[in-house]
Number of protein chains: 2
Amino acid sequence: VTLDEPSCWARLAIARHGVLGTIHPDRGLDVVPVVFAVRDRRLVLPVDTVKPKRARRLQRLANLERDGRCVVLVSEYDEDWSRLWWVRVHGLAAETPLTDADGAALAERYPQYRRAGSISSLITVAPAAITGWSAS
Amino acid sequence: VTLDEPSCWARLAIARHGVLGTIHPDRGLDVVPVVFAVRDRRLVLPVDTVKPKRARRLQRLANLERDGRCVVLVSEYDEDWSRLWWVRVHGLAAETPLTDADGAALAERYPQYRRAGSISSLITVAPAAITGWSAS
């Protein structure tokens, strides 16, 4: 069953996590787990200091600087496959400064971000196309 | 904490689901939820007739025919972020015929595939690089 756009936004609003795909010049693409908030029809993904990272400069930011095309996928797995669903956002993303409003939205959603300094900047995704699917 | 390769394989062996990223000629990349089994250091992903699809010919197959580079990400979300982990496999993938052994491995893992005809072919991923991370 194809989900209409309001249903997609509703599911994005309650989803707790997703994955971000970006374009890598050599290996073609990268996919990483992300958390996010929905703000004014944009997705804001924290570049945080909370979850330890492997590299000082995140590869996702280097990828987006070269090519802003990205995809965010939110999906729910269940052993009962009649309960599967996903929502996918294709769009353009860039690193943006943390604003108070975006920080508040993320802190409301994730208690881990209530500590000052827990977010250093954002990846803001401007959706170009939203698609969704539900098994039932 | 970086996971070593045996730990990555161990987590892939027990993971129930993941996402597959492929390269799309126009929008750059696609990411879809997938299930899979591990067989002889390859990942086998069913092209199935069980979960209803939006298109008759899967876009992921068209993408892989043009460019076999792909990524499979398996990640576990938990509200306690000290329990987060992920494993990522970069590799080359292609559509392959369903073999009895691969079908049996998938059927053992997912009861949904015990019905004859539930899998029409496979996407087989030959890993080129495996990385993993765990918060603790």
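## Polar contacts and salt bridges between the chains

Between chain B and chain A, 12 residue pairs are in polar contact, both residues being at pLDDT 80 or more. A polar contact is a pair of N or O atoms within 3.5 Å; within protein, one must be able to donate a hydrogen and the other to accept it, and residues adjacent in sequence count only if both atoms are side-chain atoms. The structure is a predicted model, in which local features need pLDDT of at least 70, side-chain atom pairs count only at pLDDT 80 or more, and totals for chains, interfaces and linings use all residues. Residues are numbered from 1 along each chain as its sequence is written, chains are lettered from A and ligands numbered from 1 in the order in which they are written, and side-chain values use heavy atoms, with hydrogens and water left out.

Two salt bridges are counted between chain B and chain A; a salt bridge is a side-chain nitrogen of Lys or Arg within 4 Å of a carboxyl oxygen of Asp or Glu. The side chains of A:Glu79 and B:Arg16 form a salt bridge, at 2.8 Å from N to O. A:Glu79 has 40% relative accessibility and therefore counts as partly exposed; B:Arg16, at 27%, also counts as partly exposed. In these terms, buried means under 20% relative accessible area, exposed over 50%, and partly exposed in between (1.4 Å probe, protein chains only).

## The side of chain B that touches chain A

In chain B, 40 residues are in contact with 40 residues of chain A, contact meaning heavy atoms within 4.5 Å. The area buried between the two chains is about 3,500 Å², and carbon and sulfur atoms give 67% of this area. Buried area is the accessible area (1.4 Å probe) that two parts lose on being put together, summed over both.

Which strands of chain B each supply at least two residues of the side that touches chain A? They are β1 (18-24), β2 (28-34), β5 (69-76), β6 (85-96) and β7 (119-134). The largest share, six residues, comes from β2(B). By class, this side of chain B has 20 nonpolar, 10 polar and 10 charged residues. Ala, Val, Leu, Ile, Met, Phe, Trp, Tyr, Cys and Pro count as nonpolar, Asp, Glu, Lys and Arg as charged, and the others, Gly among them, as polar. Helices (H or I, at least four residues) and strands (E, at least two) are DSSP runs, numbered from the N terminus.

The arc is that of the directions from the helix axis to the C-beta atoms.

In helix α2 of chain B, residues 59-66, the buried residues are B:Arg60, B:Leu61, B:Asn63 and B:Leu64. They fall within an arc of 160° seen down the axis of α2(B), so they line one face of the helix. B:Glu65 and B:Arg66 are exposed on the other side of α2(B). The cover over the buried residues of α2(B) includes β1, β2, β4 (42-48), β5, β6 and β7 of chain B.

## Salt bridges within the chains

Over all chains, a search of the whole structure finds 18 salt bridges. In chain B, B:Arg69 is paired with B:Asp67 in a salt bridge whose closest N and O atoms are 2.9 Å apart. B:Arg69 is partly exposed, with a relative accessible area of 27%.

B:Arg83 forms a salt bridge with B:Asp78, with the closest N and O atoms 3.2 Å apart. B:Arg83 counts as exposed at 53% relative accessibility, while B:Asp78 is partly exposed at 25%. In chain A, a network of salt bridges links A:Arg39, A:Arg42 and A:Asp102.

## Two buried residues

A:Tyr113 is found in the loop between α3 (100-109) and β7 of chain A and counts as buried, at 4% relative accessibility. Its C-alpha atom is separated by 9.5 Å from that of A:Thr49, 64 residues apart along the chain. Not counting residues up to four places away in sequence, the residues that A:Tyr113 touches include A:Val35, A:Pro46, A:Leu106 and B:Trp81.

B:Ser134 is found in strand β7 of chain B and, at 5% relative accessibility, counts as buried. A polar atom of the side chain of B:Ser134 lies 2.8 Å from the backbone oxygen of B:Ser136. Leaving aside neighbours within four places in sequence, B:Ser134 is in contact with B:Val1, B:Leu3, B:Arg11, B:Leu84 and B:Trp85.
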